[in-house]
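Me: I have a model open and would like to go through it piece by piece. Can we start with the pocket and then move on to the rest?

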Amino acid sequence: MYKVGGTNKHTLKYILKITVYNTGAGISIISKETFDDNFNNISLKPCSTLLHTYTGDSIKVRGQFNASVNYNGQRMSLPLVVVDGSGPSLFGRDWLAKIKVDWKRIFNVSVPTIPKLSAAVTNRLHATIQSYSEVFKQGLRTIKGINAKLEVTNDAYPKFSLKSAVDEEYDRLEREGIIEKEEFSEWATPMVHIPKADNTTRSCGDYAVTVNPQLQVPHYQIPLPEDVFQKLRGGKLFSKLDMKNAYQQLLLHDESQQYMTIHTHRGLYRYKRLPFGIAASPAIFQHVWMLFYKASTM
């Protein structure tokens, strides 16, 4: 409730519903429409505050006035900014810093008790359902008279270039001993193929639906940027190294290979080296890389 002093000798009281508690808004505001409906006898003071929406658009400020606020026994005078339009009233951080809000009451969700239907209403309900039994029948229904149409560009045509790139990637993986043919397996992971800038693909198993949920993922702390910068302090020449297919340079333990079977359009394959897509791969490879790094700095 805002208790605002009027221009006459009487005290005017207005109950204004705050529709949004906005911790992202620095100040509390009401719209010009709300102001005209509830506080049209109050004179606005100039306000130099610049306001913008989250999209960067400016909000025109009409002015401000001091509201005598009474909430749960808390009484104080707080500034309230009036802006153009008819949007919701915002309870901003300036008011939140002053007023102790009863959040438990605000976020309380109560479900009203549904009264028991009378016999007459129940009979009418059952009669309606029986009369339109086709509408209430279980199972997938079909909307009649309307269908969904997909619009494509005038120069649209089927593209099969990805298949050749995928085959080339499988040929490379098999040729370099990263994967090998498998006849049978209790594990078979579907593949996802991601096009790369050089017209090749990165073939990655969708292990999120097979192995990853059942994997004990190791945790290896990656160095913080601050630690790296500290070690680089004083350096004058720097280089950037990119290990090609880095994970695949690490051999996979024989006992782990059975879980790395992939299902492709060419049949089953088994990874013999650490594949992409495994939740444990980043930590495992980071650990190996740090071993190399420590050895090189000794």
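Me: Which residues lie nearest the centre of the largest pocket, and how many residues line it?

Reply: In this predicted model, the largest pocket is lined by 21 residues, and Pro223, Val228, Trp289, Met290 and Tyr293 lie nearest its centre. A pocket here is an open set of points, on a 1 Å grid over the protein atoms alone, where a 1.4 Å probe fits and protein is found on both sides within 12 Å along at least five of seven lines, while lining residues have an atom within 4 Å of a point.

Me: What is the volume of the largest pocket?

Reply: The volume is about 720 Å³, taken as the space filled by probe spheres set on the grid points, which are joined across faces, edges and corners.

Me: And which helix gives the largest share of the lining?

Reply: Helix H8 does, with five residues; helix H7 (225-232) and helix H8 (281-296) each supply at least two residues of that lining. Helices (H or I, at least four residues) and strands (E, at least two) are DSSP runs numbered from the N terminus.

Me: Before I go on, what are the ground rules for the numbers?

Reply: Residues are numbered from 1 along each chain as its sequence is written, and side-chain values use heavy atoms, with hydrogens and water left out. As the model is predicted, local features need pLDDT of at least 70 and side-chain atom pairs count only at pLDDT 80 or more, whereas totals for chains, interfaces and linings use all residues.

Me: OK, what is the mean pLDDT of the protein?

Reply: The mean pLDDT, the predictor's confidence in each residue from 0 to 100, is 82, and 88% of the residues reach 70 or more.

Me: Where do the parallel and antiparallel pairs fall?

Reply: Strand S11 (residues 189-195) and strand S13 (residues 261-264) run parallel and are joined by two bridges, and threonine 189 stands opposite isoleucine 262 in S13. S11 and S12 pair in the antiparallel sense over five bridges, with valine 192 opposite cysteine 204 in S12. S13 and S14 also pair in the antiparallel sense, over four bridges, and histidine 263 has leucine 268 in S14 as its bridge partner.

Me: How many residues sit between the strands in the hairpin of S11 and S12?

Reply: There are five, and asparagine 199 in that hairpin takes a positive phi near 70°; the hairpin of S13 and S14 has two residues between its strands.

Me: Why is S12 described as largely enclosed?

Reply: Four of the five residues of S12 are buried, so the strand is largely enclosed by the rest of the structure. Buried means under 20% relative accessible area, exposed over 50% and partly exposed in between, with a 1.4 Å probe and protein chains only.

Me: Back to phi for a moment: what about asparagine 72 and asparagine 245?

Reply: Most residues other than glycine have a negative phi. Asparagine 72 has a positive phi of about 50° and lies in the loop between S7 and strand S8 (74-83), while asparagine 245, with a positive phi near 50°, is in the loop between H7 and S13.

Me: Buried or partly exposed, for asparagine 72 and asparagine 245?

Reply: Asparagine 72 is partly exposed at 46% relative accessibility, whereas asparagine 245 is buried, with a relative accessible area of 16%.

Technical notes
Pairing = 2+ DSSP bridges.
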